[in-house]
Amino acid sequence: MPSPALASAPSAPATDTADASPVVLRSITQRFGKHTALSDVSLALPAGRIIGLLGRNGAGKTTLLHIAAGLLPPTSGDCTTLGTPSGKLDTPQLTRLGLVQQEGRYLEWMTVRQHLDFNASFYPSWDRDLEKRLLEALELDPKRKIVQLSPGDRQKVGILLGTCHRPALLLLDEPISSLDPIVRRRLLDFLLELLRDDGATVVISSHILNDVEKIVDWIVALETGELVENSPFDLLQESYAEWTLTSAAGALPATFAEPFVLSRQGDAHQAVLHVRTTDTDAAARLAAAHRAELRTRPLNLDEMFPLLTDQRRRRA
Amino acid sequence: MTLRAYLTLLRPVATLLLAGSYAFGFGAALVGVFGGASRAETIHLVLALVAPVVFGIFLVSPVHEVMHRELCLLLPGARRALRRWHLTALATVGTLFFVGTEFSGLAFPRAATLGLILAGLTFPLLDKHAPTPAALFLKGGLLAAGAACLRHGPRTLLIEAANAQPWLFLAAGALCAAFCLRHGFCDEKLRARSRGRYVVLSVQSFATVSPTGFLELNRYLLSENIRRTCASRNGSDSRNWTRGPVGSSLRDWLAVLHHTRFGAAGRIGQLLIMPLLTSLPGFACALVLPAFLQTKGTQGGFSFAETCTRLSEASRAGGEHTATIALLLLFGLLIGISAIITQARAVLFQPQRLPIARSHLAHCMFFELLRLSASLTAIVAAEIAVLVTAATLLSGHPFSLALFARPAAVPLLTLPLALLGIAYLCLTARSRPLLLGGFLLAFTIGCGTPGIIIAQAEKHESLFILRLADAVLTPNGLAILFATTAAACALLWLALRRHFRTCDLSRPLPWMARTA
């Protein structure tokens, strides 16, 4: 039986995938004064995937993205982005890197058009067709000055500036938090298109999990600065489930000793369990052991989130 | 980075106009009029010293705008491109200045001229753009020291030294340029700038937007930098409310209002520093303009001691050199009113999200604005008093209270006029044309009045502003002033109540973008 919870979080990147990985972190620790934002994080992001970076507020997601983009030198450890130490990213790497920030600082006095032209002048691969399509899809008026834009529109500007050069590695830090559902849908479709056409690696950090779930195929989860999950999303969907045990014979136990049971709710005769296991017989064995009727249901990402991002605390 | 992108960033027309007017207008007045330099000296020193520094500042500002944002680290080759284009711009204006000095007619070695131009153009690259009081005072001190070097004694020394050791000047200038270019564009400094706490905007950014855009940009800059300053103070703990439960008293809610604006930052520090800094350039103008006025028709300008003597004599009621004090009073008045209205605008038109009734909010806002106006008026009064006292003591005259006869009119007039201005802001907040029209009118009056005073002085007519100042301190004048101040308070109270009764609290200026 596979060990639950922390077992899937690698303590070091797999060496065979590290070479192909667009971002490799080795024992990264980042401190801000007394606060530790990231603690000994080792990770190799798989290439050509859309990776969901999950974690509660303050888990270290933005810090991780900033280190990967070379904006922040880590306190200790090494980060390699697109084959180069992240602190030494230069033109060849930066032309293939895109970063969309939650609260980006732009040249506020410029119009959207001016800013797009300004950024475009640095990228030989700037795609004007893509820019035009995104402007229409995101419903952004290029004649408006950035200082006059709403937070949502500023976020759209960030998306345009971060993606129109068709990056091979796109880091998205809360890119959809201020967007309406229609624009969100269009943006996610675009990300899928980018992956399909260019084979780009996209890392998306977001709390709008219903949307993220539709596009991600890999999950990385952080909990208070530590890596707690780094797995394919399919595998997580197969292993996380909700089991409802209904016993007509007698009371069910208040706690279950099985290690794959992560939480229990319900009453004495009906227990709703959140479990993590890939053992297909485990459900039947549990039902038989407690002489109960069992119904199973897979969990969506929204329901998985507290189980993924609370693993250390729950274990403690 | 293409030339077009660089020009978009630079805004060459605005840069040329702004830098040109500062360098050749203010610089010529500083060297030629206040410094008493000859025509040849003025042309040469302005082109070799003042203009390079001013153009260096204006050319590097847009580059620093980019450097102070993360996008500079993300744009491929941004550092090299910015350095390349900046060097091109510096080389262009540097060559023009160097060629210009050839026609000045001053015996000044070319090598020394080149050294001065090199150092002047590149020195502003080291500017850190930290809006902290210490950094701003340091900049002010450096500029003042530079201006002092243009006066007769130091200027003569400078010319003699340049003639004696021209190659030393060139070597020093080249070394300075190399150092500034290396440090201004090094990777480490770039990273430090991009992680900088504050939003940096160049003067060109404000000069090239519409009046509405100017207000929006200014509001964005103020609110962002205040937010970032508060966030940086001693970690997150200091941002928390530490006064305990908030009662219903006026005092409690005034404290809350202050906290929403400045966080836990020191009230006195925040209140003092901004107007102090805004008024310093104004008083510098107030010193230069009278000198300019009095110098017309004379040769060689005034010495510093003469300027102090004239200022001291003119401060007393009925004193001579009346244009000097008239302009000082006018600048004090304009600076005081504009400082109060600028600060009041920031208080009045920030989004309000407090759990408080609208009528109570208007009540609190009224007292907050009164407190703000009174504090700033007192600061302006103190500044004028210090200026007049310093001028008197430096000129060797005895100190007496009579010195403040005319300057005392400034704070007495500032308060009611500023309160009326704030009331106008409240009453017209919803109408952009009326609000901007008011600003335009005030700007026209502010710019036109010195001209009227100068014209009156040239015709040897009695100056209206001095008649006003002399009249203020009479019993009748004080009574009228008291009544006017009371009426202004009442009007402000009514205007605030009317404004807060129906305004959109999340967007007090409805014609502005909701969250610019």
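Predicted model: local features only at pLDDT ≥ 70, side-chain atom pairs only at ≥ 80, totals over all residues.
**View 1. Chain B as a whole is helical, with no strands.** Chain B has 21 helices and zero strands. Of its 516 residues, 37% count as buried. Take the contacts in chain B between residues at least 6 apart in sequence: 80% of them join residues at least 24 apart.

**View 2. Helix 3 and helix 5 of chain B pack against each other**. Helix 3 of chain B covers residues 39–67, and helix 5 of chain B covers residues 78–102. How far apart are their axes, and at what angle do they pack? The axes are 10 Å apart and the angle is about 165 degrees. An angle over 145 degrees counts as roughly antiparallel, so that is the word for helix 3 and helix 5 of chain B. Helix 3 of chain B passes helix 5 of chain B in a right-handed crossing. On the helix 3 side, the residues that take part include B:H44, B:L47, B:F55 and B:V66. On the helix 5 side, look for B:A78, B:H86, B:F97 and B:T101, among others. The residues of this contact divide into 15 nonpolar, five polar and no charged. As you follow either helix, keep in mind that an α-helix has 3.6 residues a turn, so residues three or four places apart point the same way.

**View 3. Here chain A touches chain B**. The contact involves 27 residues of chain A and 27 residues of chain B. Which elements of chain A give two or more residues to this side? They are helix 3 (91–94) and helix 4 (112–120) of chain A. Helix 4 of chain A gives the largest share, four residues. By type, the chain A side divides into 13 nonpolar, ten polar and four charged residues.

**View 4. Helix 2 of chain A is mostly covered**. This helix takes in residues 61–68, and eight of its eight residues are buried. Among them are A:K61, A:T62, A:L64, A:H66 and A:I67. Helix 2 of chain A is followed by A:G70, which has a positive phi, near 80 degrees.

**View 5. Strand 1 and strand 2 of chain A form a hairpin**. Strand 1 (residues 23–32) and strand 2 (residues 35–44) of chain A run antiparallel and are joined by six bridges. One place to look is A:L25, which stands opposite A:L43 in strand 2 of chain A. Two residues lie between the strands, and A:G33 in the turn has a positive phi of about 65 degrees. Strand 2 of chain A also holds A:D40. The phi of A:D40 is near 50 degrees, a positive value in a residue other than glycine. A:D40 is partly exposed, with 16 other C-beta atoms within 10 Å.

**View 6. Four strands of chain A make an open sheet**. What is the order of the strands? It is 12-13-11-14, with antiparallel pairing. Strand 12 (261–266) and strand 14 (293–298) of chain A stand at the edges, each with a single partner strand, so one side of each has no neighbour in the sheet. Neighbouring strands are turned by 20 degrees against each other on average, direction ignored. Five bridges join strand 12 of chain A to strand 13 (residues 270–276) of chain A, and a hairpin connects the two through three residues. In this pair, A:Q265 stands opposite A:V272. Strand 11 (residues 240–246) of chain A is joined to strand 14 of chain A by six bridges, and here A:T244 stands opposite A:R295. Helix 10 (residues 282–289) of chain A lies across strand 11 and strand 14, running at about 150 degrees to strand 14 of chain A.

**View 7. A:T224 lies in a loop of chain A**. The loop is between strand 9 (218–223) and strand 10 (226–232) of chain A. A:T224 has a phi near 40 degrees, a positive value in a residue other than glycine. With 18 other C-beta atoms within 10 Å, A:T224 is partly exposed.

Notes
Residues numbered from 1 in each chain as written. Chains lettered and ligands numbered in written order. Axes fitted to C-alpha atoms, helices over the stretch in contact; angles between N-to-C directions. Parallel < 35°, antiparallel > 145°, perpendicular 65-115°, else oblique. Left-handed = near helix turned anticlockwise from the far one by under 90°. Contact = placed C-beta atoms within 7 Å. Nonpolar A, V, L, I, M, F, W, Y, C, P; charged D, E, K, R; others polar. Buried ≥ 20, exposed ≤ 12 C-beta atoms within 10 Å, placed from the backbone. Pairing = 2+ DSSP bridges.
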